[in-house]
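Dear colleague,

I am passing the structure we discussed on to you, with the sequence alongside.

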Amino acid sequence: MSDAASIDSMPVVPEKVEKGTSLTRDAWLRLQKNKLAMICLWVFAAIAALCFIGPYFKYIPGLREVLPDPNATHLSERSQLPNATYLLGSDHLGRDIFSRVVHGGRVSLMVGLLATLVSITIGVVYGAISGYASGRTDAVMMRIVDILYSMPFMIMVIILTTMFGNQLWLLFVAIGAVEWVTMARIVRGQIMSLKKQEFVEAAVSLGYSDARIIFRHLIPNTIGPVIVYTTLTVPSVMLLEAVLSYLGLGVQPPDSSWGTLIKEGADRMQSDPALLVFPAIFFSATLFCLNFLGDGLRDAFDPKSSKD
Amino acid sequence: MFRFLLNRLLQSIVALIAIISITFFLARAAPGGPFLEEKAIPPHIVKQMEAYYGLDKPLPVQWLTYMGNFIQGDLGPSFGNKGYTVNEVIAQGLPVSLTIGLGGLLIALGIGVPIGIIAAARQNQFADYSLMSLAMMGICLPTFVTGPLLSIYLGIKFGWFNATGWNEPSDWFLPSLTLGVFYAAYIARLSRGGILDILRQDYVRTARAKGVPEWRIMVRHTLRGGLLPVVIYLGPAISGLISGSFIVENIFELPGLGTHFIVATTNRDYTLILGTVAVYAVLILTMNFLVDIAQVYLNPRLRSSTAPEKA
């Protein structure tokens, strides 16, 4: 514990203490043995890197042709099959499908990550406070969670996004605001068992404030379940965003996400299946990888609860 | 047990009031109004219309009036569909949505539970791996990809069903299948996990030691407890099926409640938004309550204690 260093009376340790492996490092070592999860990790990393770095290719002369402007139309080169110029073909307006998928992916992943960040922040803080406070505060806070649990989430998000205008930030705030509930439950459970341990007793007897104990001592120890559930929240948030975009309620043109691309593709599926197939492959591959990675992480952080 | 269920019932009622109130104030807080689109209307007529619909009164008064009418089952006139009450619009859309939702649920259970049982019985064998990979793919293929694909292949290429629309009795099948695939996959994973948990219990080992045949252990000793996670999941699944119905009704062009709801939000049709949300909330809460009852029935540990921890 880092706080121990601040105590004056502590004897100076003369030589380097044997360093134990941390919980996170242990889990990482275990995860590396899980081949499927590692493949998923790398595939996801590759897709994410492509989507986040790809849009900057236009500043690099040699790579500019690989990812041209996703909105540039070439009416003389419509609906082409994959070839050297159009890596995944072109759509009905002569736009480069690969470039559109990469740019759409950036929006999808960004919404997925930011909305998850919002929901994780709310969920962790809420759960930690509820679990640490216990008693009546806890009961009231958890009753609120129970009620929120039975709320029709999707409906709330639709109302929020359609009625308050279609800004991108509103989209992920709305999604984040409804997705935190499960996280709060998980963290609460963790905190309840953690707070009975000696290091918390020590912190209490040192006179630390509740806030300090919650944020410095308890929350860092919930990192395992939080990482696992974060990995599983990202795909569900991305799915929600895609559903909204598919209905025309999420990301609006000229921006596009995988959801809007799939919608465009579904509309022209009969004449031009590539329009549906390629965004769908990227989208499904991302969800697939994140879900498997989440499963793998769960096994890695908690070897006892392995899925068999 | 009764206290548990009574608690849950009260909680559902509070939740219902909360959902309707939040929706009410959220809808009103949003910029725009139902009569703003039609610019041809002179301002004094808009005033009259607002007075007619009670929109000129202070918000809390409107809220009280609405709640009063709601309790009596009157959801008011629809702003968007002139000449129709919200009750009439819902009466027209709800049967469509209910049919495809129930169909989806039955398909999900009918496919998911058997797959889960087979995978658990053949744990870590070929059947297990192949079925679970299949289930994972089902989870990762979104409805809005499977829907158009089913519509084009089973509908247009093979001509077994109508690709879109709501005219023939068989038209429920494709939308329900689209909805059901995802939940079938999820339920397969849940039931496999639940059954495996039970198979590790001591009483199963005892049964095995007594020489009870494996199929009988599964049917008599395992299924009841093993399928508990599936039963608990049915609550969230219902809300999921409802949000799924927005997409599916869009893909298959069905005149369901979801379609009405989406149109209502873009038109600022306050009463219809509130009406559909209320119907959805009642559906979800009723299902959750039924799930609670089923849970008490299936899990004897819940029966004795007064206020059990939620699993």
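The notes below go through the chain fold, the interface and a few individual residues.

The model is a predicted one, in which local features need pLDDT of at least 70 and side-chain atom pairs count only at pLDDT 80 or more, while totals for chains, interfaces and linings use all residues. Residues are numbered from 1 along each chain as its sequence is written, chains are lettered from A and ligands numbered from 1 in the order in which they are written, and side-chain values use heavy atoms, with hydrogens and water left out.

Chain A

Chain A has 12 helices and zero strands, where helices (H or I, at least four residues) and strands (E, at least two) are DSSP runs numbered from the N terminus. Of the 308 residues in chain A, 48% are buried; here buried means under 20% relative accessible area, exposed means over 50%, and partly exposed lies in between, with a 1.4 Å probe and protein chains only. Among the contacts in chain A with a separation of 6 or more, 70% are between residues 24 or more positions apart, a contact being heavy atoms within 4.5 Å.

The interface

At the interface, 47 residues of chain B are in contact with 38 residues of chain A. The two chains bury about 3800 Å² between them, with 76% of it on carbon and sulfur atoms; buried area is the accessible area (1.4 Å probe) that two parts lose on being put together, summed over both. Across this interface the rule finds one residue pair in polar contact, both residues being at pLDDT 80 or more. A polar contact is a pair of N or O atoms within 3.5 Å; within protein, one must be able to donate a hydrogen and the other to accept it, and residues adjacent in sequence count only if both atoms are side-chain atoms. Several elements of chain B give two or more residues to the side that touches chain A, including α5 (126-140), α7 (173-199) and α12 (270-298), but the largest share, 10 residues, comes from α1(B). By class, that side of chain B has 34 nonpolar, eight polar and five charged residues, where Ala, Val, Leu, Ile, Met, Phe, Trp, Tyr, Cys and Pro count as nonpolar, Asp, Glu, Lys and Arg as charged, and the others, Gly among them, as polar.

Salt bridges

Side chains of opposite charge can pair when their charged atoms come close. Arg189(B) is partly exposed at 28% relative accessibility, whereas Asp295(A) is buried at 6%.

Asp295(A) also meets Arg298(A) in a salt bridge of 3.8 Å, N to O. These two residues are separated by about one helical turn, because they are three residues apart in helix α12 (residues 274-301) of chain A. Arg298(A) is partly exposed, with a relative accessible area of 36%. Through shared partners, salt bridges join Asp295(A), Arg298(A) and Arg189(B) into one network.

Within chain A, Glu264(A) and Arg100(A) form a further salt bridge (3.3 Å, N to O). This pair links distant parts of the chain, with Glu264(A) in helix α11 and Arg100(A) in helix α3, 164 residues apart. Glu264(A) is partly exposed at 26% relative accessibility, and Arg100(A) is buried at 6%.

Two further residues

Ser257(A) sits in the loop between α10 and α11 of chain A and is buried, at 0% relative accessibility. Its side chain makes a polar contact of 3.4 Å with that of Ser245(A), and among the residues that Ser257(A) touches are Gly104(A), Val107(A) and Glu241(A). Leu106(B), in helix α4 (residues 86-121) of chain B, is by contrast exposed, at 61% relative accessibility.

With best wishes

Notes. Salt bridge = Lys/Arg side-chain N within 4 Å of Asp/Glu carboxyl O. Lists of a residue's contacts leave out its neighbours within four places in sequence.
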